Amino acid sequence: MTLFEKIIAREIPADIVHEDARCIVFRDINPQAPIHLLIVPKKPIPRVGEASPDDEAVLGHLLLVAGRVAEDLRIRSIDKGFRLVINHGAAGGEAVPHLHIHLLAGRPMQWPPG
Ligand code: 5GP
C-alpha cells in the first residue's frame, strides 16, 4: 500500500480539501508555497509516464479537479494563478511512487523552476 493509499484509507491523517470517486486532494505536509495541495488518483498509478490508455479519463479528471479546487480557493483568476507540477522519477524529484499533481499558489512562481 502506498503512503497516499493509506491517506485515502484514513490510516494516516491528512488535511483533505476535496474527495470524489476517483481522486482525493489534501494539503502537502511540507508546503513549498502558502497553498500547496496534492491531487491524487485513488487508483495507485505509480507515476505519470507509466499511466496506461485506460487511465486517460482519470488523468483528465485530475486536471479538471485542479481547476475546480483553484476556483474554490479563489486562485483561479488570471491575476492570481497557480502552478501544477508532476515529478516523474529520481531526477524529476519524485519521492512518493503514487501519481500526484502538486498545486502551488499564494506566491509568485519563478521560471525556470528549480
Ligand atoms: P514528490 O516529491 O513525490 O513529487 O512529492 C511527494 C510530496 O508528498 C512531497 O511534497 C511531500 O512533502 C509530500 N508528503 C510526504 N509524506 C506526506 C504525508 O504523510 N502527508 C502529506 N500530506 N504529504 C506528504
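1. The cavity. Pro46, Arg47, Val48, Ile86, Asn87, Glu94, Val96, His98, Leu99 and His100 line the largest cavity. About 30 Å³ of space lies in this cavity, and the count comes to one cavity of 30 Å³ or more. For your own grid work: on a 1 Å grid over the protein atoms alone, a cavity is a set of points where a 1.4 Å probe fits but cannot get out, while a pocket is an open set with protein on both sides within 12 Å along at least five of seven lines; lining residues have an atom within 4 Å of a point. Grid points are joined across faces, edges and corners, and a volume is the space filled by probe spheres set on the points.

2. What you are looking at. This is a predicted model, in which local features need pLDDT of at least 70 and side-chain atom pairs count only at pLDDT 80 or more, whereas totals for chains, interfaces and linings use all residues. Residues are numbered from 1 along each chain as its sequence is written, and side-chain values use heavy atoms, with hydrogens and water left out.

3. The largest pocket holds about 710 Å³ of space. It is lined by 31 residues, and the closest to its centre are Asp28, Gln32, His36, Asn87 and His102. Helix 1 (3-8), strand 2, strand 3, strand 4 and strand 5 each supply at least two residues of this lining; the largest share, three residues, comes from helix 1. Helices (H or I, at least four residues) and strands (E, at least two) are DSSP runs, numbered from the N terminus.

4. Five strands make up an open sheet in the order 1-2-3-5-4, with antiparallel pairing. Strand 1 (16-19) and strand 4 (83-85) are the edge strands, each pairing on one side only. From one strand to the next, the twist averages 20°. Two strands count as paired if DSSP finds at least two bridges between them. As a reminder, strands of a sheet pair through backbone hydrogen bonds, either parallel or antiparallel.

5. Strand 2 (residues 23-27) then pairs with strand 3 (residues 35-41) over five antiparallel bridges; valine 25 stands opposite isoleucine 39, and phenylalanine 26 stands opposite leucine 38. Four of the five residues of strand 2 are buried, where buried means under 20% relative accessible area, exposed over 50%, and partly exposed in between (1.4 Å probe, protein chains only).

6. Strand 5. Which strands pair with strand 5? Leucine 104 of strand 5 is the bridge partner of histidine 36 and of arginine 83. Five of the five residues of strand 5 are buried: Ile101, Leu103 and Ala105 point one way, and His102 and Leu104 point the other way. In a regular strand the side chains alternate between the two faces of the sheet.

7. Helix 2. Helix 2 (residues 56-72) packs on the sheet, touching strand 1, strand 2, strand 3, strand 4 and strand 5 (101-105), and its direction makes about 155° with that of strand 3. Contact means heavy atoms within 4.5 Å; axes are lines fitted to C-alpha atoms, for helices over the stretch in contact, and angles run from 0 to 180 degrees between N-to-C directions. With 17 residues, helix 2 reaches 25 Å from its first C-alpha to its last, close to the 24 Å expected at 1.5 Å a residue; the expected span is 1.5 Å times one less than the number of residues. Its buried residues are Val58, His61, Leu62, Val65, Ala66, Gly67, Val69 and Ala70, and what covers them includes strand 1, strand 2, strand 3, strand 4 and strand 5. An α-helix has 3.6 residues a turn, so residues three or four places apart point the same way. Arginine 74, whose phi is positive, near 60°, follows helix 2.

8. Proline 13. This residue is found in the loop between helix 1 and strand 1. Why does proline 13 count as exposed? Because its relative accessibility is 76%. The C-alpha atoms of proline 13 and leucine 84 are separated by 23 Å, and the two residues are 71 residues apart along the chain.
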